[in-house]
Amino acid sequence: MTPSRSAWAPSSPGPELGRLSAQVNDFLGEAVSVVRERFGGKVTYASIPLENVDWTPFDIVSVDAHRSKEVAHLYQQGIRSLVAQDKPVAITEFGCTAYRGAADLGARSGEIIEYDGVIPVGINGDYVRDEEEQATYLRELLDVFTEEGVDAAFACTFVCYGLPHRPDPRKDLDLGSWGVVKVLDHGSGETYPGLPWEPKAAFAALAGYYGGH
């Protein structure tokens with residue numbers, strides 16, 4: 001079986017990546033056979049582009065498809081190549097965080113958080129909060145998915161409870177959160193009383209987009 005590559009995956013992967021891709025596809029082929037012995041529904045696998053998954057044994061093509069500045073010029077072509085495989089396509093993860101410059105980083109935009117062991121404690125630099133950048137990123141990618149005929153798209157993510165919003169930018173863990181709502185350190189929100197979060201601009205952007213489609 002020959003994996004079908006998306007446009008933003010390497011056209012000539014190195015030997016290590018090629019061997020890894022072959023191992024992944026061997027495992028997935030075996031796993032699908034076992035699953036189908038016990039399950040009668042549709043089968044898919046949430047992949048990342050570098051895995052170069054062979055979608056032959058699957059019913060649905062599923063890819064985490066974040067856009068960064070490095071692949072922005074190839075991004076829509078990559079989505080088109082997924083749809084061209086003539087199977088339903090699900091974008092299983094897309095999004096960025098809510099600070100200026102996060103859209104250029106895509107999947108890496110959450111890497112600004114500093115940890116003490118496994119506990120998030122702060123932000124690794126000075127960043128400007130920009131909820132509109134996160135909202136615009138989501139709308140732009142949804143436009144691509146709609147134009148190219150993607151069947152389903154799952155924004156990352158609704159809430160990150162361990163990354164609360166705080167007034168001090170160096171302690172505002174929400175800057176590194178993928179959530180479309182910001183978790184409050186204390187009390188409940190005003191928009192939805194009793195809940196410990198407030199919607200961000202991305203919340204309204206998603207609601208408006210999906211409501212209009």
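Modeller: This is a predicted model. Start with Asn52, please.

Biologist: Is Asn52 buried or exposed?

Modeller: Asn52 is buried, at a relative accessible area of 3%.

Biologist: Where does Asn52 lie?

Modeller: In the loop between helix 1 (15-38) and strand 1 (61-64).

Biologist: And what is its phi, for Asn52?

Modeller: Positive, about 50°, although Asn52 is not a glycine. Most residues other than glycine have a negative phi.

Biologist: What about Asp86: what is phi there?

Modeller: Near 65°, so another non-glycine residue with a positive value. Asp86 is in the loop between helix 2 (75-83) and strand 2 (89-94).

Biologist: Buried or exposed, Asp86?

Modeller: Exposed, because its relative accessibility is 70% and the cut-off for exposed is over 50%.

Biologist: New topic. Which residues does the cis peptide bond join?

Modeller: Cys156 and Thr157, with omega about 0°. Thr157 sits in the loop between strand 5 (152-155) and strand 6 (181-183). Most peptide bonds are trans.

Biologist: Now His66. Where is His66 found?

Modeller: In the loop between strand 1 and helix 2. His66 is buried, with a relative accessible area of 14%.

Biologist: Which side chain makes a polar contact with the side chain of His66?

Modeller: Glu93, at 2.8 Å. The His66 side chain also reaches the backbone oxygen of Gly95 at 3.2 Å.

Biologist: What else does His66 touch?

Modeller: Leaving out residues up to four places away in sequence, its contacts include Val71, Tyr75, Phe94, Ala107, Tyr137 and Trp178.

Terms used
Residues numbered from 1 in each chain as written. Predicted model: local features only at pLDDT ≥ 70, side-chain atom pairs only at ≥ 80, totals over all residues. Heavy atoms only, no water. Helix = DSSP H or I, 4+ residues; strand = E, 2+ residues; numbered from the N terminus. Buried < 20%, exposed > 50% of the residue type's maximum accessible area, 1.4 Å probe, protein only. Polar contact = N/O pair within 3.5 Å; in protein donor to acceptor, adjacent residues only side chain to side chain. Contact = heavy atoms within 4.5 Å.
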